[in-house]
Each structure stands twice: as structure tokens, then as C-alpha cells.
Amino acid sequence: METAGGKDGEGGSSGVPSGKRDSEGTCPMFHGAVAYGEPCAGAAISPSGPGAPSPLAAAWRRLARNRGAVFGMIVICAMSLAAAGAPVLSPHSYWDGVPGCERLGPRPGFWLGTDLLGRDVLSRMMHGARISLAVGAAATVLSLAIGLTVGLAAGYSAVYSRGLLDAALMRLTDTVYAFPGILLAVGIAAIAEKPSPYIVFIALGLSGWPGIARVTRAETMKIAAAEYVLAARSLGVPTSRILLRHILPNALSPVTVMATLAIGGNILGEAALSFLGLGAEDPYPSWGGMLSEARDHFTVYWWMGIFPGMAIVLTVLAFNVVGDGLRDALDVKSGGASY
Amino acid sequence: MWGYIARRLLQCVPVLIGVTMVSFAIVHALPGSPAEVLLGPRASAEQIEAAAEELGLNKPLPIQYLKYLGRLIRGDLGVSWSQKDLHVSKILIRDLGVSARLALGAMSFAMLLGIPLGILSARKPYGKLDNLAMGVSLIGVCTPAFWLAMLLVLIFGVWLRWLPISGYEPGSLAHLVLPSVTLGAISAAILARMTRASILDAMGEDYIRTARSRGLSEWRTLLAHAFPNAALPLITVIGSNLASLFTGAVLTETVFSLPGMGRELYEAIFNRDYNLMLGCIVVMAVIFVLANLAVDILYAFLDPRLRRR
């Protein structure tokens, strides 16, 4: 999907990637990434002969030329910095309100206003970024671990055994997928005795993997039929090594794209669960939790709700444009747009 | 074709059994017993024990599950414990009406906004309008529904006073406007992007060149030749989105206090109303799975190449 930036040098053509995959002459690592026929300087079209840039470097250059993706990366870095440095950088305590400063609008000293207890909204947002980003990333890692395992096992068994394992794993995937929206995450998070960010991370991680599993399975099936996998099998290379050394690295491009988009999705999920009262509890701030606190007072003390919401939108937007940029840079044809 | 449909239907059976198992496990893993919640904090241990016995909660979990499954197959969803022993099926039929209206409203909004926006964008790719529309739709995908709801309420409910803030009255369309916009915003954004992408895809085809060479206007080429061919992927998006709008409106219904299925489920979780919870999840999953199946079948019907898979 194109963002506002990715149009340089394309005279009137539709912007749909027109590259063809030619697998000959490319090194096995990321071989989908090399064959990207984007009409740019011309370096990217050539297969990696001697002296040609490595596929990863070429992909990185394409990413760096995408203005949207660069903007996204800057936002992600800034948010991470604000989160990591919150204990030092935040101007006020997120815990104690300043007496006499309750419900102040934005002003010097309290740049984004204060909440009902006189706590600085900016400081709470910086601390909230810690929870939102950490939960978003951790849940994605958990989903990746499950999704990659399931996808690799299912795809490989679909090609090289009778596919019983594949059928079983895919029905499991369909089952988790059959819970609409954040329903499964809400259910899992509700199991906890006490709401907390940890249970939110587990709930989102356990419910977010079917998309990753499906993409990994499709890629695995494609790659497992390749000649170098046949060669490795005929040499007696153990299955685990084939999966990890020959298949997984080649399936990583679409998975990277999905994972980047999934972080954004999980940040939205964290906000939703916190909004429903299943996440971080007062006094610990999370962006969704701050919106939940603001909900009943939003019409008067608008700053309590506007700024945390903008932080969510901006961060999710950043992960999405970086994910889209990666999709173009790594030449991923199908991406989990539907998930 | 019939073989394909039969195979896909058969695949749904283990999935739906899996859904009941997972949700049964979750429901029974929730902390606090329904007996305690029902009787309130002042009930004695004996009273709670007696109530648990009466509700059948003291039997082993697999037995309880099989009993539930047995009743489910006969179409009996049990009675709700928190709502005066009303039948779950009665409650859900009432809620389904609200959820269906909301989903239809949201999808109408998404289609009326998203498809024209996508067509206009595809008319001049990378033009000013395209960049604006795609920028807005990108932001739309990234906006939490409940935050959008708060903004809409602030603007249209409080400042302009055009529309009611929350609640539901049967027959009142005004109460459904803001929830529909909230729920449909993400679908509108997805539809706009999909419409644009699939029209641009079609614009590269030979028949478009033919149409142009015959001297048709750009608009005519776009609407009469590119769009019908681009509409096929849109059907999938609309169908599966409609299913998730129907079933995934927990947040929207909660924020706007709409008595639909999503809010029913959310409240059932806090009331530890096992039958109502399970009934909600099972009905939602059945709708979701069957709707996606219907989309696949429709797609295979329209595109014969897919039937062999």
C-alpha cells in the first residue's frame, strides 16, 4: 500500500509493484527481496552479482527513501525515547497530584493540562508510553512465537507428510480466528484476579497469532517445494535444521511486515482493554486507561482525553506506515492487509 | 461447486466445537463463582454451596461441558442467571436486532464514504485529492473506536447538539447515527484503500487500453470498465467486514450504551452469567464463521478458478 512518499520517479504508472520474482542468481537469503523491479536508480533490479549491494542493504535504501516510513521511524524512536526516559525526563510525578492544580487546562508548566487529581497529563502520558509500547511489543513477540511455530509445522507437514498435522493446526488457527475482534482477549484478560498490563500482554499475544500463522504457513509451503529444500532433505539434513536454516529465513519478509503492523494493532488492543478496565490500574497510567478516566469528564476537561488519544493514533500510524514501507521495500506481494 | 461447499461446511464443525471448548474453559476459569455474585457479599458459605449445587457447578468440568454441548445441539442455550431466569435465546434475539441495525448502519456509512472516495482517489493517483483521502483513511485505520466515539459525542452531541449522546430507542434512527459512524469508520478507511488499489490494478489491463482507444471518456472508462472488474475483491472485504461489525461491536455498544450483543456479553462477564456468556460467544462465532464461509462461496461462485482449491 502506498503512502504519500513512495512515488518518486514513477512517470504516471499506477504505482503497483510490477517486479517479477526471478529466483535464479539470487542468494537464498531473502531472495524475494532482490527481485524488486521498482523503476528507481536501477541498482535494485540487478541480481546480486559481485559488487552488487546486498539485498538487505538495498531494502534498507528503499525504506529510507520512503518519506512516510522515515516519518514513522522517527515517531517510533521519539516515543521509545520518551518511554525509556520517562522517570528522568517527565516534568512531574505521574503518581502524586500537585495540590491546588486540579483540572487545569494546558499552560506553561503543565503543557498538556492536569487531571482530576492535579496530576500532569504529559508526565502520565510519558509513563503510559512505557506500558503501551512494552505491551504492544511483548504481545507481538508472543504472537510471533506461536504463529511462526504453528505456521512452519503446518506448512511443512502439508508438503512433506500426509497433512494431518496441517489440518489439525489449521482448524486450531480457525478456532482462535473465529472469535470476533478483541473478544478472546477480553475473555482471557478477565480471567486474572486483578487487572494488570501483564495479563493484557498475554491476552493479546494468545489471541493475535492466527494471521501470522496463516502467512507463515503459506510462505513455508511455497519455500518447502523449492529445490534447495529438496536438496537438503536428500542430504539427510534434520527437519529442525531445514525449518530453521532454510525455510524460516526466507519466510521472514512477509512476517516482518505483519509483525510491524501487529505492534500497532496490539497497541490499539492494549488501549481497548485498558479502556474496558482490564489493563493497568490507577495510579499506573496507560493511554487507554487515561481515556477511560477522561470519559466522563471529556466534554469539560477535553485535554484529559484529546492528548492520550492523539498519542495512540500517532504511534499506531507510525507502525503502520513503517509496515507499509517494509512491505514495499521487501517486495511482499500479499501482506496481512485483512488482518 | 457443491463438493466445495460441503467441504467448507464440514470444516466449520471442528472450528465451532473448538470455539465452545475454548469459551467454556475461559468462562469457568473466571475468578469468583456465579453463586457468590448472584447471592451478593452477605451470603453465607452454606447458601453459596447450595446455590452452586443447584446450578450444577459442583460436577466435574468435562461432564458440565458435555451436558452444555448436548443442550446446545438441541438448540437450548439455557437460562440467564442474572436476568430473572430469562431464556438466553430470548435475550439474544432481542439483542441481535440492535446489533444488526448497528452493523447495517455502519456498513452503509462505510460503503457510502469509502467506495466513492476510493474511486475519486483512483481517478488521479498521487493527486492532491488522492493524497488527502489516503492520508485520512490511514489515520482512520489507526484511530481507537472508543476515542473516535468520544470526539463525535463532543462535536455532534455536546457542541452542536444535533444528535443524542447515547442510549437506544426502538425506531429512532438518530440514536444510531453516531454509533454507526464510530463503528463504520475503520471499514470505510479499509474500503477506500481497497477500492483505490483494485481499480488501479484493473486500469493496467488490456481492456482499459481498448476502452480508451475507442475514445471513451476517462470517467466512463473508470466507472463502466474498471470498477465492475475491481468490485470482486471488494465483495470479500464488505462481507467479512459486515460479519465483524455484527459481532465485534463490544466497545462501540459499551460507549454508547446500546443494548446489543457486544454489551450483553461484556455485562455477562462481570455478572459471571455463564449461560449468557457462552450463548453470546457461540452465536457470535456461528455468525462470524458462516458469514465468512458465505463470502468464500460467493467468491468461488463469481470466480470459477478458486473452486478447485
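Biologist: What do the buried residues of α6(A) pack against?
Modeller: In this predicted model, they pack against α5 (121-160), α7 (183-191), α8 (197-207) and α9 (210-224) of chain A, together with α1 (2-29) of chain B. Contact here means C-beta atoms, placed from the backbone, within 7 Å, and helices are DSSP runs of H or I with at least four residues, numbered from the N terminus.

Biologist: Which residues of α6(A) are buried?
Modeller: They are Leu169(A), Met170(A), Thr173(A), Asp174(A), Thr175(A), Val176(A) and Tyr177(A), where buried means that 20 or more other C-beta atoms lie within 10 Å of the residue's own.

Biologist: And how is chain B built, how many helices and strands?
Modeller: Chain B has 13 helices and zero strands, its C-alpha atoms fill a box of roughly 85 × 55 × 30 Å along the principal axes, and 41% of its 309 residues count as buried.

Biologist: What are the ipTM and pTM?
Modeller: The model scores ipTM 0.87 and pTM 0.84. Local features need pLDDT of at least 70 and side-chain atom pairs count only at 80 or more, whereas totals for chains, interfaces and linings use all residues. Residues are numbered from 1 along each chain as its sequence is written, and chains are lettered from A and ligands numbered from 1 in the order in which they are written.

Notes
Helix = DSSP H or I, 4+ residues; strand = E, 2+ residues; numbered from the N terminus. Buried ≥ 20, exposed ≤ 12 C-beta atoms within 10 Å, placed from the backbone. Contact = placed C-beta atoms within 7 Å.
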